[in-house]
Amino acid sequence: MIEFQQITKRYDQRKEPFFALNQVSLSIPDGSITGILGQSGAGKSTLLRLINGLVRPTSGKVLIDGQEIQQLKDAQLRPIRHQMSMIFQHFNLFATKTVYQNIAIALQAVGVPKDQHQKRITKVLNEVGLPHKIDSYPSQLSGGEKQRVGIARALITEPKYLLCDEITSALDPKSAKEILELLRRIHQERKLTIVFITHQIEAVMALCQEVILMEEGAVIHRSSTLDLFLHI
Ligand code: ADP
Ligand code: ADP
């Protein structure tokens, strides 16, 4: 489970005091698909990066499975980070590496021996529907295909938490819909926890069970996705 207790994040680079997040408390239960919905600047990316320790809070606590992560040294944080994978808006693939090599990097990062790579990469590419693209370069793939590679790279380490950062925002509507369907199927099959940040309400409606609405660094609403209609 992911828990935020009174989280405040101030970015020091600014001249005036500025809070990207202000006293945010929330919890995300294991096995859920939670959408974090809000306009640009609402604090969604900051929130996502607090979960995997890329951003540290100015005050408050982030707990992952009951462990207060800001207390941990890098070496202690590593096994927790290995349970998390992130998927990005602009895919973040290496242009000079093939699909195989892009995914292999994630396996290397968690120390999986090389002799296991081919089998695992082939399997995960089947899962996302791209086995025939194993030797392609990103420039030879459509946006939707690139995002499937991003998802494959995220899944290959068998994470408990999948952190999705505007993953449909750079895609055309048809590809976006396919990616959401894929994620939904992966969630059913793998039973992982998905945190899905976006400014697209239709993406939340299509995918998420629960929604957290953010505005100017604060949570302004939380409900089931169905009940969001009653609020807006
Ligand atoms: P969102 O993902 O909802 O667009 P962000 O978490 O990216 O929101 O940003 C929230 C606010 O914090 C924005 O006003 C943004 O400009 C500011 N911000 C984000 N990262 C930094 C940073 N590293 N330094 C200074 N300000 C930042
Ligand atoms: P290296 O780790 O030797 O620098 P690369 O990063 O270029 O190698 O690629 C990682 C490994 O995966 C290499 O041994 C390469 O031959 C192998 N490889 C790349 N594509 C495939 C593939 N489609 N099937 C099997 N092995 C592959």
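This is a predicted model: local features need pLDDT of at least 70, side-chain atom pairs count only at pLDDT 80 or more; totals for chains, interfaces and linings use all residues.

Mentor: Residues are numbered from 1 along each chain as its sequence is written, chains are lettered from A and ligands numbered from 1 in the order in which they are written, and side-chain values use heavy atoms, with hydrogens and water left out.

Trainee: How much space lies in the largest pocket?

Mentor: A pocket is an open set of points on a 1 Å grid over the protein atoms alone, with protein on both sides within 12 Å along at least five of seven lines. Its volume is the space filled by probe spheres set on the points, which are joined across faces, edges and corners. For the largest pocket this is about 660 Å³.

Trainee: Which element gives the most to the lining of the largest pocket?

Mentor: Lining residues have an atom within 4 Å of a point. Helices (H or I, at least four residues) and strands (E, at least two) are DSSP runs, numbered from the N terminus. Helix H2 (74–81), strand E6 (84–87), helix H3 (99–109) and helix H5 (143–155) each supply at least two residues. The most, four residues, come from H2.

Trainee: What residues line the largest cavity?

Mentor: A cavity is a set of points where a 1.4 Å probe fits but cannot get out. The structure holds one cavity of 30 Å³ or more, and the largest has a volume of about 50 Å³. Its lining is Leu50, Gly53, Val55, Arg56, Pro57, Val62, Ile69, Gln70 and Leu77.

Trainee: Are H5 and H6 roughly parallel or roughly antiparallel to each other?

Mentor: Axes are lines fitted to C-alpha atoms, for helices over the stretch in contact (heavy atoms within 4.5 Å), and angles run from 0 to 180 degrees between N-to-C directions. H5 and H6 pack at an angle of about 20°, with their axes 10 Å apart. Angles under 35 degrees count as roughly parallel and over 145 as roughly antiparallel. H5 and H6 are therefore roughly parallel.

Trainee: Which residues of H6 make the contact with H5?

Mentor: From H5, the contact takes in Gly144, Gln147, Arg148, Ile151 and Leu155. From H6, the residues are Ser175, Glu178, Ile179, Leu182, Ile186 and Arg190.

Technical notes
Angles under 35 degrees count as roughly parallel, over 145 as roughly antiparallel, 65 to 115 as roughly perpendicular and the rest as oblique.
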